[in-house]
Amino acid sequence: MEQVIANGLYLGAQYALIALGLTLIFALMNVLNFAHGQMYVLGGFVTYTIYGQLKLPFVVALICSGVTLAIIGALMEKFLFRTVIRRSKREESTMLLAAATAFFLDAVMLLLFGEKQRGVPKIISGVFISERVILPYDRILVGVVAILMIAAFMVFMQYSRPGRAMRALAQDRVAAQLMGVKVERYSMIGFALGAMLAGVVGGLLVSITGVNSGIGGPISIKAFLMVMIGGAGVVGGAIAGGFILGMMESVGLATLREYGDITYLAIFALLMIFLSIRPHGLMGKPWG
Amino acid sequence: MDALLKFEDVELYYDHVYALKGVSVEVHEGETVALIGANGAGKSSILRAITGLRRIRSGQIQYQGKRIDGIAPDEIVRMGISMVPEARRVFPYMSVRDNLLMGAFTRSDKAGIQQSMEMVLARFPRLKERYSQQAGTMSGGEQQMLVIGRALMARPRLLLLDEPSLGVAPKLVQDIARSIVAINRDEKVSVLLVEQNSRMALRISNRAYALTTGKVALSGTSSELLTDERVRHLYLGGEF
């Protein structure tokens, strides 16, 4: 039991970070970023290259993952999404653009890194063993770093000036503009921040599960699951959705093992029932 | 004396439908000027043109002697023009405090912002009571006080108010009218007020313009307009 909860918390912290980035981009720009999983994978490959290949410290690799993805996110916003939003009044346009970006990133990564599963040396070895819980130290470290990052993100959004501006922008674009918020600048900052979060989680997890160029799509789907559970565009919803999915996965893996690999089948079925009762998720607002 | 704001022969269209057809309006330093008229007469379009939310087709807008038409909304605030938008538009999931801080977004003088915060809270004690409450959960009147306070946090020289009495309980309309007068007097802010409640608007303003279908039909001092037969007939009949 304790083991299942520990696994769920560890997974949930990673998931929550991924969902936070996705929901931030959605709340600010009304863009469903289908390429979020690919950004995560790219972050993983950056850490793989710098820590695994170039043998530089893990922290350096992690920072590089974050910075690289922040730059890519900012560029994507400035040159792709901003222009499409300006020219097209239809929301499908940005969805198609996001999907195309996902395929493009998939192809680029396949070209650069191949299709092999890539792993890196353990960041710390050893296993924490108590009567009821067994957890490798590196998982504990990665979980703690993820939780610290969630806390830092929330403090930033809640108390900093740019955080406040982004919340204002998400709640009422026109009113935010009337307060002097430069919409384009803060959309770019938000997109960069969301992409950065995805990249950092990718970098964190490469040290445990490794990375390969094909997992971007599945990660995106998981991220959308979490956001749907918690409610789109809400910070608390993304965090709740992340931990709920992590916990469900952990419980599913522990209890449904003898029936084969049906955990996600069960999760999808549950989610369909849940969404038919609460289409806006746990904390979602009717207006999205 | 030169006008603080000069709105000269402005035409404004929404797609192919005109909203303003050659409108000229002036606001002088220290004045409260009212724009009255029926729904769709173009009152709010004037405010949207000043704040840069809408582009004008022809004519020009001058503020402190400089042309400001074509400038983006976030720059207009920095020049000292604050807008209280129609239907209030608080940031619903932010606290009263954060809403007010957003009003001071363009400023970086911490001590000054603190001073403005105290001034606003003293002027609207209700906001002090609700300081940490989510703005979206407050009553219409309280939200109206909040958006006026939020606009003042930018320390404007010109305050634009779009229908501040709309959706506010009749009892509170008096309070809001009184605070507009007090703000104009104490904070040395000139006010351009758009109102459908013409009687209230004419009582608290120095001068007024009456608009019909995108044109200024009448203008003059507010006390003149209050007793003008045509105004009585067109705008004041039936109210109260």
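**A helix pair, a sheet and the contact between two chains**

In chain A, helix H2 (residues 36-53) and helix H3 (residues 58-87) pack with their axes 8 Å apart and at an angle of about 145°, where axes are lines fitted to C-alpha atoms, for helices over the stretch in contact, and angles run from 0 to 180 degrees between N-to-C directions. Helices (H or I, at least four residues) and strands (E, at least two) are DSSP runs numbered from the N terminus. This is a predicted model, in which local features need pLDDT of at least 70 and side-chain atom pairs count only at pLDDT 80 or more, while totals for chains, interfaces and linings use all residues. Residues are numbered from 1 along each chain as its sequence is written, and chains are lettered from A and ligands numbered from 1 in the order in which they are written.

The contact between H2(A) and H3(A) includes A:Met39, A:Leu42 and A:Val46 of H2(A), and A:Phe58, A:Ala61 and A:Leu69 of H3(A); residues are in contact if their C-beta atoms, placed from the backbone, lie within 7 Å.

Chain B holds an open sheet of four strands, ordered E2-E1-E4-E5 with antiparallel pairing, and two strands pair if DSSP finds at least two bridges between them. Strand E2 (17-27) and strand E5 (66-67) of chain B each have a single partner strand, so one side of each is left without a neighbour in the sheet. Eight bridges join strand E1 (residues 5-14) of chain B to E2(B), and B:Glu11 stands opposite B:Lys21 in E2(B).

Between the chains, 19 residues of chain B are in contact with 14 residues of chain A.

Technical notes
Two residues are in contact if their C-beta atoms, placed from the backbone, lie within 7 Å.
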